[in-house]
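Subject: Structure for you to look at

Hello,

Please find below the structure I said I would pass on. My notes on what turned up follow after it.

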Amino acid sequence: MIAGERNMKQASRIKSVGTKITETEYALLEARACEEGLSISEWCRNVLLERTNGDRATETQKVMLAEILALRTILLNLHFAVARAETITADAMQAIIERADRDKGKKALERLGIHTNELEREK
């Protein structure tokens, strides 16, 4: 189901889009649809409609960006501490890591231009 359709009466689907694919391609599509608990038809429909709304970051891309931003946060905090000639204790290092981990997901979504209300619609 596409975002926004849950609360509205679904419009009648009267048009069809089709293509020819190989047995191997069909098996790949079938596996992906099955992973998401959808029929091939619904999975393909969702993918097509998502693509018409522009490229969206995959979960892998979101996680990777979040991890990179966390590493950046840690590195910059350590760099500033060293520049101020501060000694980094184990507790201070743990606090820096925890703060980076706590904020990384939110920062990644902000960088991708994804807002909390958009995430709720995608669920």
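**Salt bridges**

Arg84 and Glu86 are joined by a salt bridge between their side chains, with N and O 2.7 Å apart. The term salt bridge stands for a side-chain nitrogen of Lys or Arg within 4 Å of a carboxyl oxygen of Asp or Glu. Side chains of opposite charge can pair when their charged atoms come close. Arg84 is exposed, at 53% relative accessible area, while Glu86 is partly exposed, at 39%. Here buried means under 20% relative accessible area, exposed means over 50%, and partly exposed is in between (1.4 Å probe, protein chains only).

Before going on, note that this is a predicted model, in which local features need pLDDT of at least 70 and side-chain atom pairs count only at pLDDT 80 or more, while totals for chains, interfaces and linings use all residues. Residues are numbered from 1 along each chain as its sequence is written, and side-chain values use heavy atoms, with hydrogens and water left out.

How many salt bridges does a search of the whole structure find? The search finds 7. One of them pairs Lys104 with Glu67, whose closest N and O atoms are 2.5 Å apart. Lys104 belongs to helix α4 (residues 90-111) and Glu67 to helix α3 (residues 59-83), so this pair ties together parts that are 37 residues apart in sequence. Helices (H or I, at least four residues) and strands (E, at least two) are DSSP runs, numbered from the N terminus.

Is Lys104 buried or exposed? Lys104 is buried, with a relative accessible area of 18%, whereas Glu67 is partly exposed at 34%. Leaving aside residues up to four places away in sequence, Lys104 touches Ala66, Glu67 and Ala70. Contact means heavy atoms within 4.5 Å.

Another salt bridge links the side chains of Arg32 and Glu35, at 3.5 Å from N to O. These two residues are 3 apart in helix α1 (residues 23-35), which means that about one helical turn separates them. An α-helix has 3.6 residues a turn, so residues three or four places apart point the same way. Arg32 is partly exposed at 43% relative accessible area, and Glu35 is exposed at 61%.

**The chain as a whole**

The protein chain has 5 helices and 0 strands. Along the sequence the pattern reads α-α-α-α-α. Of the 123 residues in the chain, 15% are buried. Among contacts between residues at least 6 apart in sequence, 61% join residues at least 24 apart.

The 13 residues of α1 should span 18 Å at 1.5 Å a residue, and the end C-alpha atoms of α1 are 18 Å apart, which agrees. The expected span is 1.5 Å times one less than the number of residues in the helix. After α1 comes Gly37, with a positive phi near 70°.

Which residues of α2 are buried? They are Ile40, Trp43 and Asn46. These three cover an arc of only 130° around the axis, so they sit on the same side of α2. The arc is that of the directions from the helix axis to the C-beta atoms. Ser41 and Thr52 are exposed residues on the face of α2 turned away from its buried side. Helix α1 is included in what covers the buried residues of α2.

Of its 20 lining residues, the closest to the centre are Val17, Ser41, Cys44, Arg45 and Leu48. The largest share of the lining, 9 residues, comes from α2, and α1 and α2 each supply at least two. On a 1 Å grid over the protein atoms alone, a pocket is an open set of points where a 1.4 Å probe fits, with protein on both sides within 12 Å along at least five of seven lines, and lining residues have an atom within 4 Å of a point.

**A loop residue**

Ala85 lies in the loop between α3 and α4. Its phi is positive, about 60°, although Ala85 is not a glycine. Ala85 is exposed, with a relative accessible area of 68%.

Regards
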